[in-house]
Amino acid sequence: MKKVAITGATGFLANELVEHLLSKEYEINAIARNEGKLVALKKKYPSINIFPCPIEDKCLLKKALINCEGVFHLASFKDVVLAENNPTKTIQTNLLGTLNVLYLSNELENIKFVITTSTDKAVKVSGVYGASKMIVEKLFHEFDIINGNKCNYRLVRYGNIFYSTGSVLPKWKESLLNDKEIIITDPNATRYFLTANEAVNLIMECLNTRNTTDAFYPKMKSIEIGKLLNLMIKKYAIKKPFIKEIGLRQGENMHEYINSELNSSNAERWTEQELMKIL
């Protein structure tokens with residue numbers, strides 16, 4: 001049985017990944033800072049091993065990575081607005097924490113791969129979060145040079161995941177079901193979206209088929225934020241809501257780029273029929 005570690009193991013995507021890896025009979029060391037959420041994860045998946053460990057703590061992280069063949073590095077401080085207002089915290093988690101994972105992959109002979117997730121915000125950088133992920137991508141390239149003969153360094157880059165923690169969809173749904181004010185940035189802004197299952201499959205495909213640290217990204221569909229809200233209203237509103245438009249916030253782009261040429265304004269769009277099934 002292959003033993004792997006997952007950082008940020010209590011997150012939205014990590015839960016999907018845990019379920020997938022267990023179905024493939026992996027042994028999992030689940031690493032996260034919130035002990036309550038770790039205990040809940042252990043209750044849901046009794047076979048996993050839990051490690052209450054902020055990735056900024058290299059000593060505790062080393063304990064969690066001993067005897068692991070690989071690391072799925074999902075821990076990230078990713079709220080765009082919080083990152084803008086808390087650059088120190090963003091650097092601690094996204095950069096210093098990532099460096100700890102990478103240093104240990106070099107120090108521990110047992111680690112054969114490290115794979116991480118990046119974001120479309122790392123391409124056309126306009127804020128602290130995107131900048132931190134751009135640097136993470138550079139770090140993976142550097143460690144491939146330093147230690148690539150022993151360990152495979154891989155990364156995937158994608159946009160938003162439907163209903164992920166902190167996204168607008170659960171906030172909008174809760175507001176619509178309770179007849180509360182709806183807040184939207186710019187209805188004409190476009191964003192890439194994919195499902196959690198698609199994101200997990202992308203991670204596994206990258207791990208199993210790629211032989212380079214270059215960002216691996218899927219052909220993603222996008223949607224205008226205003227159209228997405230209208231579909232949410234159609235599906236969940238108990239009456240016509242009051243909508244407050246606040247404009248793009250610091251650190252946000254009107255359109256996101258998945259590479260230097262392709263952006264969410266000219267990508268294939270999600271259809272109403274597809275979205276209504278997902279929403």
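This is a predicted model: local features need pLDDT of at least 70, side-chain atom pairs count only at pLDDT 80 or more; totals for chains, interfaces and linings use all residues.
Colleague: Which element gives the most to the largest nonpolar core?

Modeller: The largest nonpolar core holds 37 residues, and Ile6, Leu21, Phe72 and Tyr158 touch the most other members. Among the elements that give two or more residues to this core are strand 1 (3–7), helix 1 (12–23), strand 5 (113–119) and helix 8 (196–209). The element that gives the most, with eight residues, is helix 8.

Colleague: Leaving aside neighbours within four places in sequence, with which residues is Leu21 in contact?

Modeller: Leu21 is one of the buried residues of helix 1, and Leu21 is also among the core members that touch the most others. With neighbours within four places in sequence set aside, the contacts of Leu21 are Val4, Ile6, Tyr26, Ile28, Phe72 and Met204.

Colleague: How many residues are in the other core, which lies apart from the largest one?

Modeller: Phe51, Leu65, Ala75 and Ile111 are among the members of this other core. Its number of residues is 27.

Colleague: Which helix gives the most to the lining of the largest cavity?

Modeller: The structure holds one cavity of 30 Å³ or more, and the largest cavity has a volume of about 60 Å³. Of the 13 lining residues, Lys121, Ser126, Gly127, Gly130 and Gly251 are the closest to the centre. Helix 4 (80–85) and helix 6 (128–147) each supply at least two residues of the lining. The helix that gives the most, with three residues, is helix 6.

Colleague: How many charged residues are in the lining of the largest cavity?

Modeller: By class, the lining has four nonpolar and five polar residues. The number of charged residues is four.

Colleague: Is Pro87 buried, partly exposed or exposed?

Modeller: Pro87 belongs to helix 5 (residues 87–107). Buried means under 20% relative accessible area and exposed means over 50%. Because its relative accessibility is 34%, Pro87 counts as partly exposed.

Technical notes
Residues are numbered from 1 along each chain as its sequence is written. Side-chain values use heavy atoms; hydrogens and water are left out. A nonpolar core is a set of buried Ala, Val, Leu, Ile, Met, Phe, Trp, Tyr and Cys residues joined through side-chain atoms within 4.5 Å. Buried means under 20% relative accessible area, exposed over 50%, partly exposed in between (1.4 Å probe, protein chains only). Helices (H or I, at least four residues) and strands (E, at least two) are DSSP runs, numbered from the N terminus. Contact means heavy atoms within 4.5 Å. On a 1 Å grid over the protein atoms alone, a cavity is a set of points where a 1.4 Å probe fits but cannot get out, and a pocket is an open set with protein on both sides within 12 Å along at least five of seven lines; lining residues have an atom within 4 Å of a point. Grid points are joined across faces, edges and corners, and a volume is the space filled by probe spheres set on the points. Ala, Val, Leu, Ile, Met, Phe, Trp, Tyr, Cys and Pro count as nonpolar, Asp, Glu, Lys and Arg as charged, and the others, Gly among them, as polar.
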